[in-house]
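Biologist: Could you walk me through this model and tell me what lies behind the labels you use?

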Amino acid sequence: LIMVLRAPLLAASLLVCIQVWTCIVPSAGASDGEKGQQRRMLVLLQDPSRQQEYSSFFSGLAERIPGLSIEFKGTKDASLKLREYDQWLYEHLAIFAPKAEAFGGGVDVPAILKFIDSGRNVLLAASSEVSDTMRTLAAEVGVDLDEKGSSVYDHMDAQQAGDPTLIASSEIARLSSILGDQEIQAPVLFKGVAASVPSDAQLATVMLSAPATSYSHDPRKSMQDPPLAGLGISLLTLVQARNNARVMVAGSVDMFSDAYFDAEVTTGASGSKVKSGNRDFALAVAQWTLQERAVLHAENLRHRLMSSPPDSPSPSLYRVTDDVEFAVDIFEYEAGQRRPFKGDDLQVEFVMLDPYVRLPLKQDGTGTFSVQFKVPDVYGVFKYVLDYHHAGYSYIHLSKQVPVRPFRHNEFERFLVCAYPYYASAASSCIAFFVLGWFFLYHKD
């Protein structure tokens, strides 16, 4: 009797749970979409009370990036987490804690690497007291920070008397894809640790190098031949992973502070003073790292036979020697604004194991890149490959498979011009045979 009475109650409870769950799940999905539009960013500081030291930098980012929501936390906060229920809570991560040996909550080096592997972005700032954890994280993205306690010295152009570690560098990589239209003429103040990047690194770009008269040294150790010196020292490096995630590794956390933004730099032999270029440079590289500049999107890949209308669907296969056209639309996004990409160095390949055709793409000014060519006289399974790697821009890799068939038996030409000599030789042989036969039968000695 008890089981009979409980059955309707259990059924009603189950129905209520299902209704509540169906109400909760859509709302959670909607809120997650709204959060995605907010471009959430987590900033980890060694001491949360020092947040005001970088107020100009983060307020400048908020002005340049619409909808950017910045959350500040300490590295020891027990509530730290980047992911919850398989959902990423942030799109960007800034670590301004050079001395941090560990993090609170669920944040550690493997978690940060998974954050990058998911296509998200990281700002990493170090100092001369950089911890092994920060050095390990930088090394994972291809940047080797010098040992703890070492600093970049420049006795020839020190910006403060008695402190050769406060240097100013004008060795900026002038890449419009990263800096935009800004002309940063003033030197950038720097005080921190040196970094090295392999000369053959394909994913890293050294945006700020040390002056030629500088070197890296740990004053607690003897030094004869410095391992890092001159332009071989990277002060700020930008890395773009193969999944288009972006990472900034700076050897100085002070270069993002309000004090360095408003400081004056002594330039030239005359000793004239100008305002430092830290503000414009720091905001430009951070804006690029947060994927608010030089982000390319390719869409509407299509191909057609030249004999078909322009709007016809892409054919399922080609015939050898067909005349075809390949086209794709590529757009560039900057600060949320979409515009046609103006690049002139894109090319497409028609590949079957090896490229049989490699041609440059021509643009029409509206974002459409196209090329016309003749299919090779080789049948098999081909594919279009568009693989674009340009310094500063996000990578594009597209491929589309297209089989190529030979001529059918009824598609060959009946008489080929190139075969006329063979036709003539066959006809002459027949004529010679009949003449010889007639002569043999009817000629008498």
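Modeller: Gladly! Let's start with Asp 86, which lies in the loop between strands E3 and E4. This is a predicted model, in which local features need pLDDT of at least 70 and side-chain atom pairs count only at pLDDT 80 or more, while totals for chains, interfaces and linings use all residues. Residues are numbered from 1 along each chain as its sequence is written, and side-chain values use heavy atoms, with hydrogens and water left out.

Biologist: Why is Asp 86 called exposed?

Modeller: The cut-offs are under 20% relative accessible area for buried, over 50% for exposed, and partly exposed in between (1.4 Å probe, protein chains only). Asp 86 has 62% relative accessibility, so it counts as exposed. Tyr 85, at 75%, is therefore exposed too.

Biologist: What is there to say about phi of Tyr 85?

Modeller: Phi of Tyr 85 is near 55 degrees, a positive value in a residue other than glycine. For Asp 86, phi is near 60 degrees, again positive and not in a glycine.

Biologist: On to charges: how do you know that Arg 279 forms a salt bridge with Asp 262?

Modeller: The rule asks for a side-chain nitrogen of Lys or Arg within 4 Å of a carboxyl oxygen of Asp or Glu. The closest N and O atoms of Arg 279 and Asp 262 are 3.3 Å apart, which meets that rule. The pair links distant parts of the chain, 17 residues apart: Arg 279 is in helix H7 (residues 278-289), and Asp 262 is in the loop between helix H6 (258-261) and strand E17 (264-267). Arg 279, at 26% relative accessibility, is partly exposed, and so is Asp 262, at 46%.

Biologist: How close do the N and O atoms of Glu 325 and Arg 304 come?

Modeller: Their closest N and O atoms are 2.9 Å apart, so Glu 325 and Arg 304 form a salt bridge. Glu 325 sits in strand E21 (residues 323-334) and Arg 304 in strand E19 (residues 295-305), 21 residues apart, so here too distant parts of the chain are linked. With 17% for Glu 325 and 11% for Arg 304, each counts as buried.

Biologist: Why are H2 and H7 called oblique?

Modeller: Helix H2 (residues 55-64) and H7 pack at about 55 degrees, with their axes 10 Å apart. Angles under 35 degrees count as roughly parallel, over 145 as roughly antiparallel, 65 to 115 as roughly perpendicular and the rest as oblique. The H2 and H7 pair is therefore oblique.

Biologist: What makes H3 roughly parallel to H4?

Modeller: The axes of helix H3 (residues 109-117) and helix H4 (residues 132-140) cross at roughly 30 degrees and come within 11 Å. That angle falls under the limit, so H3 is roughly parallel to H4.

Biologist: Finally, how do you know that E20 pairs with E28?

Modeller: Pairing requires that DSSP finds at least two bridges between two strands. Two bridges join E20 to strand E28 (residues 396-405), and these run parallel. In E28, Val 404 is the bridge partner of Tyr 318, and Arg 405 is the partner of Arg 319. Strand E27 (residues 380-388) pairs with E28 in the antiparallel sense over nine bridges.

Biologist: What is the order of the strands in that open sheet?

Modeller: The five strands run E20-E28-E27-E23-E24, with mixed pairing. Strands E20 (318-319) and E24 (354-360) are the edges, as each pairs on one side only.

Terms used: Helix = DSSP H or I, 4+ residues; strand = E, 2+ residues; numbered from the N terminus. Axes fitted to C-alpha atoms, helices over the stretch in contact; angles between N-to-C directions.
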